[in-house]
Amino acid sequence: MSEAASVTVVITRRVRPGHEAAYETALQRVTEGAHALPGYLGATFQRPAAGAAREYTSVIRWADVAALRAFEGSALRARFLEEV
């Protein structure tokens with residue numbers, strides 16, 4: 001894959017019972033922060049279906065691999081991972 005190709009990342013996280021609201025708040029904060037990062041193209045989120053496993057799916061788009069790598073090494077992501 002070339003560095004100029006856009007990148008889509010799919011992340012699935014299982015959230016502990018009773019922690020769903022806290023996870024969604026943290027997800028909102030990291031998403032708002034990502035808007036300010038170069039190369040961030042947007043994200044969509046899927047909440048767990050009623051009665052299903054507590055799995056949240058995030059689909060995040062970056063302009064290129066370099067933008068994704070910058071996010072992966074960012075303080076914003078580190079804070080999010082610490083929080084969740």
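Two strands count as paired if DSSP finds at least two bridges between them. Strands themselves are DSSP runs (E, at least two residues), numbered from the N terminus.

This is a predicted model, where local features need pLDDT of at least 70, side-chain atom pairs count only at pLDDT 80 or more, and totals for chains, interfaces and linings use all residues. Residues are numbered from 1 along each chain as its sequence is written, and side-chain values use heavy atoms, with hydrogens and water left out.

**Stop 1: the sheet.** Select the three strands. They form an open, antiparallel sheet in the order β1-β3-β2. β1 (7-14) and β2 stand at the edges with a single partner strand each, so one side of each has no neighbour in the sheet. Neighbouring strands are turned by 15 degrees against each other on average, direction ignored (axes are lines fitted to C-alpha atoms).

**Stop 2: β1 against β3.** Eight bridges join these antiparallel strands. Pick Val 9: Ile 60 of β3 stands opposite.

**Stop 3: the aromatic rings.** Rings of Phe, Tyr and Trp (its six-membered ring) pair if their centres lie within 6.5 Å; planes under 30 degrees apart are stacked, over 60 edge-to-face, the rest tilted. The count comes to four aromatic pairs. Show Tyr 40 and Trp 62: they pair edge-to-face, 5.3 Å centre to centre, with 70 degrees between the planes. Tyr 40 lies in β2 (residues 40-46) and Trp 62 in β3 (residues 55-62), so the pair ties together parts 22 residues apart in sequence.

**Stop 4: the cluster.** Select Tyr 23, Tyr 56 and Phe 80, which form one aromatic cluster.

Notes: Helix = DSSP H or I, 4+ residues; strand = E, 2+ residues; numbered from the N terminus. Axes fitted to C-alpha atoms, helices over the stretch in contact; angles between N-to-C directions.
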